[in-house]
Amino acid sequence: MASISLTKVIDKMKMENLTPDVDIKPIKVMQPDINRPALQLAGYVEHYESTRLQILGFVEYTYMQSLTEERKKEVYAEVIREGCPGFVFCRDLEPDEIFLEIANAKGVPVLKTSKATSTFMAECIRWLNVKLAPCISVHGVLVDVYGEGVLITGESGIGKSEAALELIKRGHRLVTDDVVELRKVSEETLIGSAPDITKHFIELRGIGIIDVKTLFGVACVRETQSIDMVIRLEEWSKDKEYDRLGLQEEYTEYLGNKIVCHSIPIRPGRNLSIICEAAAVNHRQKKMGYNAAQELYNRVQRNLAQKREDD
């Protein structure tokens, strides 16, 4: 199961640790979902997801302030459970001494942020969804072409890296070469990124490893990109028929998500970078509601209908 250290969450969300005596290094966040323990503070603890990050806003805080000291001890002892990744007080709200005492005794971190509760929750869920999403690694090159994430796949040595390098020279941006880490952040979206060890590097046979960020500048690389289409490079075969109209889309599947896929036959003299650019722009045009292949088909049908009328 995917997890992320609480230390990284604190750094990313810019939170303050109010329990410095609690060792937070081994604590992991396992779920992208969070919980606001309003009902639990009121006494209903069934179905309490204590394994989630707990967020406390102004409503929960004012309710806690209204409790007597005896009631606070009872409620806090029930809500603050061992194994909970942490409690976050939003709007710079300060927990009382009883809360901090019980949290320290049970080894549960208490954190604070200046952000509004809804804003913090939205940012936290979005970021955790990406970091804790199901992940696989695939062999290929991921490039941002005119804002479209183009995943170029194919056998080793077929020219994926060379195509990516030409696209970079034409002003597009590299995400990763050779190994692409795919994360399923929703039923519609796959996000691709580079492993830390190969980030910004491209391998060119006969030359070796080049650092794209150093050679071409930071404008030619990016950290992550959604996967909008796949271009599969394959050796040209005279015995195989290739799609020449594009009326019906082909798809490939990663982590249960279907992605539009184009099989491009490789022959000497074909400019792969221009083909990738054209495919990306055409895909973008289709998303905006215009399909050139369908328009050609409609013109042919109208022409045939006109000829029948003339006859």
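Predicted model: local features only at pLDDT ≥ 70, side-chain atom pairs only at ≥ 80, totals over all residues.
User: Let's start with helices. At what angle do H1 and H6 pack, and how far apart are their axes?

Analyst: Happy to walk through it. Helix H1 spans residues 6-13 and helix H6 residues 117-131; they pack at about 130°, with axes 11 Å apart. The crossing of H1 past H6 is right-handed.

User: Which residues make that contact?

Analyst: From H1 come Lys-8, Val-9, Lys-12 and Met-13, while H6 supplies Phe-120, Glu-123, Cys-124, Trp-127 and Leu-128. Sorted by class, this contact has six nonpolar and three charged residues, and no polar ones.

User: Now a single residue. Is Lys-72 buried or exposed?

Analyst: The general idea is a cut-off: buried means under 20% relative accessible area. Lys-72 has 11%, so it counts as buried. It sits in helix H4, residues 69-79. Beyond four places away in sequence, Lys-72 touches Met-64, Gln-65, Leu-67, Ala-77, Asp-96 and Ile-98.

User: And where is Leu-255?

Analyst: Leu-255 lies in the loop between strands S18 (250-254) and S19 (257-266). With a relative accessible area of 26%, Leu-255 is partly exposed. Its contacts, leaving out neighbours within four places in sequence, are Pro-134, Ile-136, Leu-182, Arg-183, Lys-184 and Leu-190.

User: What separates the C-alpha atoms of Leu-255 and Glu-155?

Analyst: Those C-alpha atoms are 21 Å apart, and the two residues are 100 residues apart along the chain.

Terms used
Residues numbered from 1 in each chain as written. Heavy atoms only, no water. Axes fitted to C-alpha atoms, helices over the stretch in contact; angles between N-to-C directions. Helix = DSSP H or I, 4+ residues; strand = E, 2+ residues; numbered from the N terminus. Left-handed = near helix turned anticlockwise from the far one by under 90°. Contact = heavy atoms within 4.5 Å. Nonpolar A, V, L, I, M, F, W, Y, C, P; charged D, E, K, R; others polar. Buried < 20%, exposed > 50% of the residue type's maximum accessible area, 1.4 Å probe, protein only.
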